[in-house]
Structure formats: C-alpha cells, structure tokens
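These notebook entries record what I looked up in the structure, region by region.

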Amino acid sequence: MRSTLTSVWKPAALVAVLFVGTLTLPGEDPLPDVRRLQSSPVLQHLKPNPVGSSASSVAPGEKTVAQMYLPEGFRAELVAGEPDLQQPVAFAIDERGRLWVAEAYSYPQKQPPGKGLDKIVIFEDADGDGRFETRKVFAEGLNLVSGFEVGYGGVWVGAAPELLFIPDRNHDDIPDGPPETLLDGFGFQDTHECLNSFLWGPDGWLYGNQGVFNESHIGKPGAPASQRLTLRAGVWRYHPVRREFEAFAEGGSNQWGLDYDEHGQLFMTHCRSYWGRGCTTHVLQGGQFWNQANANYAPFILADPPSDYPSFRNYLLASARYDHGAGGAGKPGSDAIYGGHSHVGTMIYYGDNWPDEYRGHLFTHNLHGHQINHQVNHVLGSGYDTVHAGKDLFFCSDPSYVAVDLQYGPDGAVYTIDWYDRQHCHNPNTERWDRSNGRIYRIEWAATYKPRKVDLGHASDAELVEYLGHRNEWFVRTARRLLSERARLGRGVDATAIVAVREIASKNPDPVRRLSALWTLHGMGRLAEADLARALKDADPFLRGWAVQLLADDPAHVGKGLSLLAGMAARDSSPVVRRYLASVAQRVPPTVAWPVLEALSRHPEDSEDRNLPLLIWHALARRMPQDLGRAFAIVSKTPMTALADSIHWYAGTLDGEGLSRAVQGVASVSGELRRRRLTGLAHALGSRAGVSMPAAWRALAPSLYGDADLRIRRLADRVAAAFGDDSMFPRLRASLADGATDPDSRKHAFAVLSRGPDRGSLPVFLKLLDDPAFRVPSLRLLSRFDSPEVPPALVARFGSFGPPEKAAALGALTGRASYALPLLDAVASGKIPRDQLTALHVRQLTQLGNPEVDRRVAASWGRIQQTSSEKQAAIARLEKVFNEAPLWAFDGGAGRGHFQKLCSPCHRIGTDGARLGPELTGAGRNGIRYFLENIIDPNAVIGTDFQVTRVETRGGDVLSGLLGSETPSALTLRTTAGDVVVAKGDIVHRSTADTSLMPEGLLDPLSQREQVELLKFLTSQ
C-alpha cells in the first residue's frame, strides 16, 4: 500500500487516518451513527442539542447543529458558516474577541509560486449579539497554510516550507507590507501534517507542531545546511523578539493540537500512538519521545530493546497509557466507545462559562468518532497520568462533520471550527474535496452564557495587570501577551504596572497567580535576578521548576545563578523540579551540566519515575561522547538501572574508547548484571559492520565462552561474530546442520552464522531449504550470497514452496543481476510461472541496472509505468466494478490469499504479513476509493521514512529497501528479504528514490474477480 500514508489525519490537512486506520469490529455501526448514543458508555448521558428545528428551510449549518448532542445544560450554536466561510483549517482569537480563520483552499497540494489560494479572514461580532456577522479578508494568496497566530505586531503564519510574518503594527487589519519569510525548510512531503497548532506559550515563545512524515531542515532563508535544524516530528518554538528557533521536544506522530495548563505544562494530542502507548502526551523540554514510525531517532535512542530487557527502551512515552481507538494503542473495540485514534485540536479548559467540574480538564476532537474526548491529567511523580474522565462531552451524527480545533474565548464559551466534508481521509486528488463550506460553532453552558464584547488592546497597563487575576484564563493570557508586546516592541509599560506585577509574583498567596506574574515579568524582559532568586526558593514546585527554565532561557541571566542548580538537583524534594533541572542540563555549559546530572542520577526515589531516568539520559547522552569518564562515573553511583543500561549500551555504539569501556563494563561484573551488560553490548553491535575487536575482548572472551550460563555463552557468540571472531563457527555449523539438535540452539547458530553471513556455512544454508523451520529465513539469507549454487537450488524447489516461501525466493532472485538472469531463464522455460512475478518483482529487476536484465524484462513485460490519465481511468473503472458487484458472491477468504501473495511481504493485517510498510489492520473503514488510489497510484504522496534507498557495493551487489537505521559505520536496509546491514566502506553509490516501496501495477496479475476478492478482503478489515 502507499508506504508513506501510515495513520494520518487531514490537518493542514486535518483529516484522516490512513493505512493505520482503526479497527472496526465486524457488524459495528458507522461511528457517526446516532445509535452510538446508546451503545457507547461515554456518550449515553448526552442529550439532543436544545436548538430548534432542522426543517429544510433552515441553513445547512443549522441542520448540523440540530444533529449535535451534549450534556444536559449545554447548548451548541452556529456563529459563522458558508458562504462566508470555507475550508477552515486553523483559527485564533485576538484581543478584541474577534475570530481569525485560515481558509485552506490550496490543500492538499502546494500550489506553484505566486498561485497560492489560501486566505486569512476576520469575523467580528460587531453588535455583541453572539453572532459573528462581519467578515473581512486580512490576507490572501497564501500557499498551503496550516497554522497561524496573531500578536507581536502582526500575524505568524505556517505555510510549508515557510514560517511567515505578516506585519500589521498599527492594527488596522491591513498588512503593512508583504509577508516576511522568517524561516524556511519545513517539510511538506505529507501535506496533512505540516507545521500546525500555533500557540503563544506562557514564556512568550510561539509554539507549534511538526508531523512525523515530513522531514524538515529548518533555518533562516539562505542558511547553509550546517546552520539548519533537522526535525521530523516534534514540538518547536520561535521567539518573536529575539527571532530564535529551536526544537522544544522531538517525537510524536501527526500531532495536531497543543495547550498548556495553569502550571504551564504543555500537552499535545495526536493519532496512531502505538509506540507511545497513549493518545495524549505531556511535552517535556528537551525530551526525545516515541514517534509513529519508531525510526529516525537521535543516535542515543534505542527504539527496539532486547526482548528480555524491555527497559532498555529509552525514549519517553505518552502521559496517557490508553488510546481512543484500535490501530493505535487502543484495545479492539475501543473505537466503538471513544471514537478512534485520530485527534484534532487540544484545549485545557480555563474559561468562566462552563461549570467548575470541567476546569483544568483536557478536551480533544475525535475525528472519526465525531465526538469530543474528555480527559483529566493527574500529577504522577515528575509528570502526569492522563486518564479518561468517564464521560465525553459531545457527539455529532452529521457524517460530514470534521472538527479541527477548539478554544475558549472571552465569553468563557468554547469555539470550534468544522472543515465539513464527506471526505475524511487524506486524498491527493484535489477534486475530492468539497470547497464550498465550513463552520464555526460555540459550545456554551446555556444558563449563564452571555456574549461579551472586549477590547484589551485599548486597556491601560494597570487594567491589564488587573486582568492577570481574572477567572477566565483567556484574559490572563491575552493581558500577559499585550504587556509583553508593549514592553518589547511598543511604548513600554508603566513603572507602576511593573511594580504591581512584581508584587503579585512575590506576595500573592495563590501559586498559580505568582507563576503567571513570573511569566509576565519574563515576557516583558523585566525578570530581575532577585525575582529569579525568590522563585527558586518558592514553596511551589512548579514555580521553582519554571524559575530553573527561565534562568536558562534568558540570555541576560545565563551564567548568573547557574551555580545554584547542582545544589537544587541534590536537595530539592520535588520530582517536578528535578525534571526541570534534567531539561536544563541540555542547555547550560558542561561545567554546570555535569554536576547537575551527577546529582540527579543519585535519587533512588526517581528510579521508577516515568520521565526522570529517561530525561536525565537525554541530557547526559548529548555530552557523553566528549566525556566518557564522567558518564561511567555516574554508572558506579546511580541507583537508576535504566540510566546505567543506556550508558553501557550507547558506549558500545561508539568507536574507540567508548566500545572498550563497554567491554570492560562486562568484564568488571558477574552474574545477572554481566548478562545485562553483555546484552546491551550485543544489541549495540547488532547494526554495526566492520567493528575492530578491542583488546579487552580478547582477554574477556574465553571466560564468556565457558560460562556456566548458556545465555551468556550465546551472547558472547553474537558479540564475537560482530568482531569478526569466527573461532566458534565450526561448532555452530555442526549444531545448525544437525536436525536432532534442540530448536533453540539451532536458531541461535543460524542467527550468529548469518551475521556475516558466513560463506563457509553456505552448504548448510542450502540444506536448510528442505527444513520447514528454517526455510523462509534461509531464503532471505541466501539473497546476500553471490554464489552460482543459489539460483538453481531456489528454482528447483520453487514449485513445492507455499506463498511465504515463494515470496521470499522471488525476493532473493530479483535482488542481484547474477540471480535475475537464471530467474528469467526459469520463467522462460516454465519452471517458474510468469504470473508468480508481481509488479514489485518486476520493478526490482529493472532497478538492478543490468542491460541484459532490462532487455529481457522489457521483452516479457513491456512498458512498466502508467500515465496519470491511465491511473485515474483504472481507479474509476475498478471503483465502478466493485460498487456494482454482488459482494456476497465473492470469497473474502480467497482475497486473503491474494493479500498474502501480493501485499504481505510488506504489510500486515492481523497476524498475516510483515511490518516493512504500514500496518493495514483496520484500514477498511476508509472505503474502496481510498484503497484504489493508494494501490494504483502509490507514488502520489511519499514520506521520507518510506522512500526507497538504493546502494551499490564494491562487490557488485545492488540492494534496495527502506532505511531502517544508520550508524557511522553501517546502514541497515529493511527489504522484502529481511534486514540487511551494509558496511559504509563497501558502498560505492547510494541514492534515494522518489518512489514508494510499493510498486505500480500490483493488481495487474489478477483477474477482475480476483481483484474484487482482494478489495473485499481489504475493505472488510
């Protein structure tokens, strides 16, 4: 299937889960079906929206409002809609309570330069009746807008590949000039997850998201590669005054939603959270989090730990440990309850209209469930445990409802934008989208709701300071921003107002108000050393933590007060403060960082904390290659097993002294700890090639080979093989060849001998073709040999192979020219039926770069590629055939067989297939058109994680696959024949293709009936 489109919803795109769609249970009703109000326990309390009739005379938006359900006492109203609004992708609320909306007409394609179609429009409730009847266009001609925010003299716009600033310093709603490009290099390979969810943080920085399948190299226009930041997934921030950009945290999926709580704790919601284990993430500065691809991490992140030591995994997880839908981290059937794993928009409610029971709770749109999920963040150690609140807040049965974002406004009610389209899933065909509509709704507590006209821009400094104590956090945040703007960019702030803010920061009994005032002083550039010193000793841990962060963030204070940090790390009683210190250890000079890390690493009470051992590791790892001695000194004193494991493992991935220390670390311990250290070393060497054997290994190895613990002996075999020590190979060959040897010993022997692979073991590997237990792995391994013995052995047995064995054999035979010609001879002679070669195999043959192979492929298969018009015609034809077919008469079981033959080498459904490409479990809900467009036109959208890497080696091998991992000495390619480690020294040419791993023409070998059978099987999942 289209390899890049794993689990994506369409933001900038907004919308949709792709191949990793949620698991729809057999017979389950469509998620927007109103019957879910009875079947889902989190929706059963909802009542019909108390709004009038949905008669035909009512405007379309009112009809949707009439299909909404909320808790008793709530009401939803339409405040703007078509024809005044179309394609709303993001919105912001300014200091006058006006709604600024980005209309995304360009999506899903970046338009040619100068041909942008997007607009930013302003809606105003001029008469204060709660309806936003006045509309004006602020800017147009923008290109692929996906996020924006207003403030600091203009509008900040994300339009990949650029971050733009549109100045409007006199606030007349007319741009002062053309957009200024602040940054470029943001990725838009997948346009549904471009930079999004702009948010002014409590510290005055502009925050935003970046999705996982967009590779970005971000910098100022014209900046060389050395001055650019590479980002795939994460949360970034940009300072509007200093014009500085940085990654705040890395990882995530297609996150689309950010907000922070009263303590300034940042949370994001996202989809496809399998690796993160939950749907909501507490975002920590400097954290390296899980990502949806489970790949492309920093070199000090171990994503795939050994099975016997899963704690070796050292990226951070989501704060939620459950998901709202299967296909992510959710359990089967969770779709029917919560709606699905795709979330759009994040709001932590601090308004003053909804009842107090909702205050501080987190809300997010569930895209496929048409509901608003309701969560609570409970403090747990240094972070939070995010759990479901028990009841969701909202449901809409209109099938075209596609909510994108939600925010509370000055009236305390919640505003939400609706893209509104029957098409929910990402689709590269621009004509599939309905451009004619879009809505804004307001969700309010009816008994107390009143429209509220505001204009904080004309408030005095003293009045803004008063607003810092408002019950509605919208006033607090807006006042803080305006005071910061005035101080940094405007006329300045009255001295009496600054004194008043400092008074709140130092004396207000409410720690939330003290913290807000501290942020305000920082934003105004008025945070004095005395303010920081006081905050560092505050009774509230969040205040102390924020003082640590602001100390490191503000250039005026770097070097002042840093000497206090090591003492805090040793003595502060709060894990929250220690978490802030771990983050700051990445940002301060080494002379400060190392004492802080040493002190943090000695807290036994933090050993089982969800965040601290990992966040300490993320700071330590960045400095470890420059000071191995201090890193290993921490090992000897830390009670944090996970931290010690990471240090030893990472040392094993480094050359020279690092590897030697890792080996010495094995030699210096015994028993269970020796096995643990040796496991880490073996895992560190697993993806390396051409590793020089350290002297310490020669002295250690004999004792390991003779250890009483079989597990240690086997680990020693694996490490020795990585070092090129083949002294144990004769023993292992004999064990593997002897069918009477116990299966575990044979599997171990196979794994070690295949590390090279060992040419002396080739006769044994060929013999294993007749052993069912080893046939498939042997077929994959044999593709790595260049031996004339291999092709005849495969061809002779091909007819007796089952589907998995045939797929593996063809993967081997199409992997090198010396095998391809015997394969083509076998096809010509009929020994291998021509229809066994799929489009995947044919394309692999054409990529070998051999003229004779190319000639024979062209003679047998003709033109391989199709034109765009041909693809569209094929899609339309098959869609018509499928929709008109009596599906009850077609065998889905046969479809599964077609899947196993054509798709399972790369894709997995349930327990069938491999995970080389995206998981297809649950993708059936996306419909037939979705599958057809991805199968017939697989190269429409290609994310960098699924582009094909092609290498040619000195030995003449040509290998193609997905880049699994890369070290300084080797790269690992994930191929249909298994993972292949290639030493960089053996590579003579390397390139990245602009094509998906999935080939075109995949359906061509099937008859029309077989095509329908396959499609029936896929759409039923």
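Predicted model: local features only at pLDDT ≥ 70, side-chain atom pairs only at ≥ 80, totals over all residues.

**Entry 1**

Strand S5 (residues 99-103) and strand S6 (residues 118-124) run antiparallel and are joined by 5 bridges. Within this pair I found alanine 102 opposite isoleucine 120 in S6.

I also checked the loop between S5 and S6, where proline 108 lies. The peptide bond from tyrosine 107 to proline 108 is cis, and I noted omega near 15°. For context, most peptide bonds are trans.

**Entry 2**

I turned to another open sheet, with 4 strands in the order S3-S29-S28-S27 and antiparallel pairing. Its edges are strand S3 (74-81) and strand S27 (403-408); each has a single partner strand, so one side of each is left without a neighbour in the sheet. Neighbouring strands are turned against each other by 25° on average, direction ignored.

For the pair of strand S28 (residues 414-418) and strand S29 (residues 439-445), I recorded 5 bridges in the antiparallel sense. Threonine 416 has tyrosine 441 in S29 as its bridge partner.

The loop between S3 and S4 holds proline 83. I found a cis peptide bond between glutamate 82 and proline 83, with omega about 10°.

**Entry 1. Phenylalanine 165**

Is phenylalanine 165 buried or exposed? I found a relative accessible area of 1% for phenylalanine 165, which is under the 20% limit for a buried residue. Phenylalanine 165 lies in strand S10 (residues 162-167).

I listed what phenylalanine 165 touches, leaving out residues up to four places away in sequence; the list includes Tyr152, Val155, Trp156, Pro178, Pro179, Leu182 and Arg243. I also looked up proline 240, which is 75 residues apart from phenylalanine 165 along the chain; their C-alpha atoms are separated by 9.7 Å.

**Entry 2. Positive phi values**

Most residues other than glycine have a negative phi. Histidine 171 is placed in the loop between S10 and strand S11 (180-184). With a relative accessible area of 47%, histidine 171 is partly exposed.

Arginine 277 likewise has a positive phi, near 75°. I located arginine 277 in the loop between strand S19 (266-269) and strand S20 (280-283). Arginine 277 is partly exposed, with a relative accessible area of 44%.

Which residues of H21 are buried? I recorded Ser745, Arg746, His748, Ala749, Phe750, Val752 and Leu753. Their cover includes H19, helix H20 (729-737), helix H22 (762-767) and helix H23 (775-782).

I examined H19 against H21. The axes of helix H19 (residues 710-722) and helix H21 (residues 743-753) come within 9 Å and cross at roughly 15°. That angle is under 35 degrees, so H19 and H21 count as roughly parallel. The crossing is right-handed. Arg714, Asp717, Arg718 and Ala721 in H19 meet Asp744, Ser745, His748 and Val752 in H21. By class, I noted 2 nonpolar, 2 polar and 4 charged residues in this contact.

I then examined H20 against H21. Their axes are 8 Å apart, at an angle of about 130°, and the two helices are therefore oblique to each other. I recorded a left-handed crossing. From H20, Phe729, Leu732, Arg733, Ser735 and Leu736 meet residues of H21 that include Ala749, Phe750 and Leu753. The contact of H20 with H21 has 7 nonpolar, 3 polar and 2 charged residues.

**Entry 3. Helices H30 and H32**

At what angle do H30 and H32 pack? I found about 90° between helix H30 (residues 892-902) and helix H32 (residues 1008-1019), with their axes 7 Å apart. H30 and H32 are therefore roughly perpendicular to each other. Among the residues that meet are Ala894, Phe899 and Leu902 in H30 and Leu1014, Phe1017 and Leu1018 in H32. I divided the residues of this contact into 6 nonpolar, 3 polar and 4 charged.

Technical notes. Residues numbered from 1 in each chain as written. Heavy atoms only, no water. Pairing = 2+ DSSP bridges. Axes fitted to C-alpha atoms, helices over the stretch in contact; angles between N-to-C directions. Parallel < 35°, antiparallel > 145°, perpendicular 65-115°, else oblique. Left-handed = near helix turned anticlockwise from the far one by under 90°. Contact = heavy atoms within 4.5 Å. Nonpolar A, V, L, I, M, F, W, Y, C, P; charged D, E, K, R; others polar. Buried < 20%, exposed > 50% of the residue type's maximum accessible area, 1.4 Å probe, protein only.
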